[in-house]
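I opened this structure to look at how its parts pack. My notes follow in the order in which I looked things up.

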Amino acid sequence: MSADPADLAFLSARQIAALVRERKVSPVEITRVYLERIERLDSRLRAYITVVPDKALETARAAETAVMCGQPLGPLHGVPYAVKDQFDTAGVRTTSGSRILEDHVPVEDATTISRLNSAGGILLGKLNLTEFALGGTQQFPFGQPRNPWNLDHDPGGSSSGSGIAVAAGLCAASLGEDTGGSVRSPASFCGVVGLRPTWSRVSRHGSFPLSWSMDTPGPLARTVEDVAWLLQAIAGYDAKDPLSSRAPVPEYAGPLADGVRGLRVGIVRELTFGPDTDAEVREAVLEAVRCLERLGAVTEEISLRLVPFAGAIFMALADADGAGVHHRWLRSRPGDYDQGTRRRLLTASLIPAAIQQRAARARALLRAEMREALARLDLLLCPTAHQAAPPIAAARGAITGRQEVAGRFFTRRSYVTPAALAGLPAIAVPCGFTRSGLPISLQLIGRHFDEATVLRAAHAYEQQSEWSRRRPPGTS
Amino acid sequence: MSDLTTEQVGALAAALGLPVTADDLAEMTHRLNALIEALEPLAELPLEAVEPVPGLGEASAS
């Protein structure tokens, strides 16, 4: 197929799979397109920590042979993808974004990687992240990841590279991990779609842990349909993860076209109309609400009084879990951590038990509040982030006061952590741009294991908007 | 709960065998006091009647 390589690079994963199946694009050709773009663009974006060109081309050649021989093809056959460097990849180093693991080469793939490969995906490489998926990294050991819409701005985290690579056309789709917003935040800041599935829907085996009760692998892509197909590939019980659910996996892509007519959607007042939400973000989200109403959704405002505390509740619990994970290295290799990571984990090591108990009990109340709302509503709606991507410099330097802690950590996390604390599925989907050209994102939260409704509503909105079709400057 | 001082945070860290610098201590104290302050209003809720579990049964039900 003769086409502008940039046009090929920005095709959806499903379009690529269809062209491969129809023998209009070769897996080798599309893999070379992405490898060339990574070589040309990634020195300034820093989406990737490790690229595996030889392995990718070897896989692509095998995929091409399978097509030419008429062998059975998986749903993602010939689709080049990349993964957050938090997931183990056999024979390919997996750093978790830290110098501590810079030479770590796993012998086994994470279950999610095995499943994406079985679906026909071609692994391009490992993507940058905040150190150990924590957030607050000051000096990225493998290069500062940058937002493709404005290189001086934050791409979001912790799955930073997963958002950048999809937005900039450096892969067709990616995998991230969302403990407290780490898929949805980079999706929001980079202008792509990101899904946090229901906790336990996707195996965590082979993913470096942060918090056992919240860690959730999730896909990022340029369309909701792609996210649905990636979820289809990775969802389901895994004997290697005892906490993975045995609940049957439904079909996700089929119902996408069912629309939103009659769906009841609750607009979360505290997060949509609250004082922390930027006016441009609020207006874009409310325009999306009007769009969903025109499509037949029935909306109403609801109040969830505990969500403003969600960021702090999350950090009291997840950070304490993280301190447990890191307790040996904190004592034996403190100098190998980034300063921001080390201080966050050291602080978490000292959280009083009474405070953790208060947070754990408040989490249970928050879950009950959300469950009650979703007993009569199909979806909850709010911004994914209170503002568009801030400048990288805004989160640099030592913390010199407690107000700074609230500003850097609690406020923005209160938009993405309610779904994490409640174990609910949530999607981030582009819903506009600021006047300065940075993406804005809508968040839809659904009932446990009802990813199908979340995806269906996001798809219906996406079909009515043009935001997903824009490309960041300098990525042609 | 009253504010923790850097001396108190340092003593806690030392008791746990955590290697911290003076700069670490100053920032850790801000972080810890901010977290405690942010969660203070939750003490007004009827938390004693709540089971502090993450609700795994519900999420993993088949």
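I looked up α14(A) and helix α2 (residues 22-39) of chain B, which pack at an angle of about 45 degrees with their axes 11 Å apart. The axes are lines fitted to C-alpha atoms, for helices over the stretch in contact, and the angles run from 0 to 180 degrees between N-to-C directions. α14(A) and α2(B) are therefore oblique to each other; under 35 degrees counts as roughly parallel, over 145 as roughly antiparallel, 65 to 115 as roughly perpendicular and the rest as oblique. Helices (H or I, at least four residues) and strands (E, at least two) are DSSP runs, numbered from the N terminus.

I noted the crossing of α14(A) and α2(B) as left-handed, the term for a near helix turned anticlockwise from the far one by less than a right angle, with clockwise being right-handed. A:I355, A:R358 and A:A359 of α14(A) meet B:L35, B:I36 and B:L39 of α2(B). Contact here is C-beta atoms, placed from the backbone, within 7 Å. By class I found 5 nonpolar, no polar and 1 charged residues in this contact. Ala, Val, Leu, Ile, Met, Phe, Trp, Tyr, Cys and Pro count as nonpolar, Asp, Glu, Lys and Arg as charged, and the others, Gly among them, as polar.

I am reading a predicted model, in which local features need pLDDT of at least 70 and side-chain atom pairs count only at pLDDT 80 or more, while totals for chains, interfaces and linings use all residues. Residues are numbered from 1 along each chain as its sequence is written, and chains are lettered from A and ligands numbered from 1 in the order in which they are written.

I found 41 residues of chain A in contact with 37 residues of chain B. On the chain A side, α11, α12 (327-332), α13 (339-348), α14 (353-376) and α15 each supply at least two residues. The largest share, 11 residues, comes from α14(A). That side divides into 23 nonpolar, 10 polar and 8 charged residues.

I read the pattern α-α-α along its sequence, with 3 helices and 0 strands. Of the 62 residues of chain B, 31% count as buried (20 or more other C-beta atoms within 10 Å of a residue's own; exposed is 12 or fewer, partly exposed in between; C-beta atoms placed from the backbone).

Which residues touch the most other members of the largest nonpolar core? I found A:I313, A:A316 and B:L35, in a core of 167 residues. Such a core is a set of buried Ala, Val, Leu, Ile, Met, Phe, Trp, Tyr and Cys residues joined through C-beta atoms within 7 Å. α11(A) gives the most to this core, with 10 residues. Leaving out residues up to four places away in sequence, A:I313 touches A:A359, A:A362, A:R363, A:L366 and A:L421.

Helix α11 (residues 310-325) of chain A packs with helix α15 (residues 402-422) of chain A at about 75 degrees, axes 6 Å apart. That makes α11(A) roughly perpendicular to α15(A). Their contact includes A:I313 and A:F314 of α11(A) and A:F410 and A:L421 of α15(A).

Helix α8 (residues 224-234) of chain A has 11 of its 11 residues buried. A:G236 follows α8(A), with a positive phi near 120 degrees.

Conventions:
Contact = placed C-beta atoms within 7 Å.
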